[in-house]
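Here's a quick briefing to read with the model open beside you. Have a look at the fold first, then work through the points below.

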Amino acid sequence: MTTALTLIWGGLAILICWKIIKGAEPWCEYPALPSLPEDERRVLEVMIPHVGRDKAIGRRALSVAAGFMERTTSPSGAERKAREAIVSLIINHAVPICMSTSATDGGYFMPASKEEVQSARDTIASYVHHQQERLRAYDRALIKQGNLFE
């Protein structure tokens, strides 16, 4: 069962979401929904019940649930809006939305534990490492041809 509770403390409104597991303490804080831009607010509202990898929601289902399909003419445009809102929530508001790329249960989810956040972080770090290797290979090719950054 997922609970969302809005608290006002010291003038700062925070939305605290957590999975109730026999009195477990919440471990993550999120921005209050009213303070978010509309697209981010819609996505976060949809994401709140999707706690844990086993409750991941696919990008298309997220786009439909957030109402983006009604506001665009193409499914890919709606999915792009959902992806952009997720990136904004992660980067601008430090909301740790995780992603699973599993063929059977892939999609976005709110982490149920610090381990799920760490796993998502490790996946991204690995991806970045491989992209840096590709950049170095391109740089070597350009240096070899004497055309680096011309």
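Helices (H or I, at least four residues) and strands (E, at least two) are DSSP runs, numbered from the N terminus. This is a predicted model, where local features need pLDDT of at least 70, side-chain atom pairs count only at pLDDT 80 or more, and totals for chains, interfaces and linings use all residues. Residues are numbered from 1 along each chain as its sequence is written, and side-chain values use heavy atoms, with hydrogens and water left out.

**Overall layout**

- You'll find four helices and five strands in the chain, and their order along the sequence is β-β-β-α-α-α-β-β-α.
- Of the 150 residues in the chain, 30% are buried (buried means under 20% relative accessible area, exposed over 50%, partly exposed in between, with a 1.4 Å probe and protein chains only).
- Take the contacts between residues at least 6 apart in sequence: 44% of them join residues at least 24 apart (contact means heavy atoms within 4.5 Å).

**Where α1 meets α3**

- Helix α1 (residues 38-47) and helix α3 (residues 75-93) have axes that come within 9 Å and cross at roughly 90 degrees (axes are lines fitted to C-alpha atoms, for helices over the stretch in contact, and angles run from 0 to 180 degrees between N-to-C directions).
- That's why α1 and α3 count as roughly perpendicular (65 to 115 degrees).
- On the α1 side, D39, E40, V43 and L44 make the contact, while α3 brings K81, A82, A85, I86, S88 and L89.
- By type, the residues of this contact are six nonpolar, one polar and three charged (Ala, Val, Leu, Ile, Met, Phe, Trp, Tyr, Cys and Pro count as nonpolar, Asp, Glu, Lys and Arg as charged, and the others, Gly among them, as polar).

**The largest nonpolar core**

- This core has 20 residues, and V43, L44, M47, L62, L89, I97 and M110 touch the most other members (a nonpolar core is a set of buried Ala, Val, Leu, Ile, Met, Phe, Trp, Tyr and Cys residues joined through side-chain atoms within 4.5 Å).
- The elements giving two or more residues to the core are α1 and α3, with α3 supplying the largest share, five residues.

- I124 sits in helix α4 (residues 114-145) and counts as exposed because its relative accessibility is 54%.
- A94 lies in the loop between α3 and β4 (98-100), and its phi is near 55 degrees, a positive value in a residue other than glycine.
- With 58% relative accessibility, A94 counts as exposed too.

Conventions: Parallel < 35°, antiparallel > 145°, perpendicular 65-115°, else oblique.
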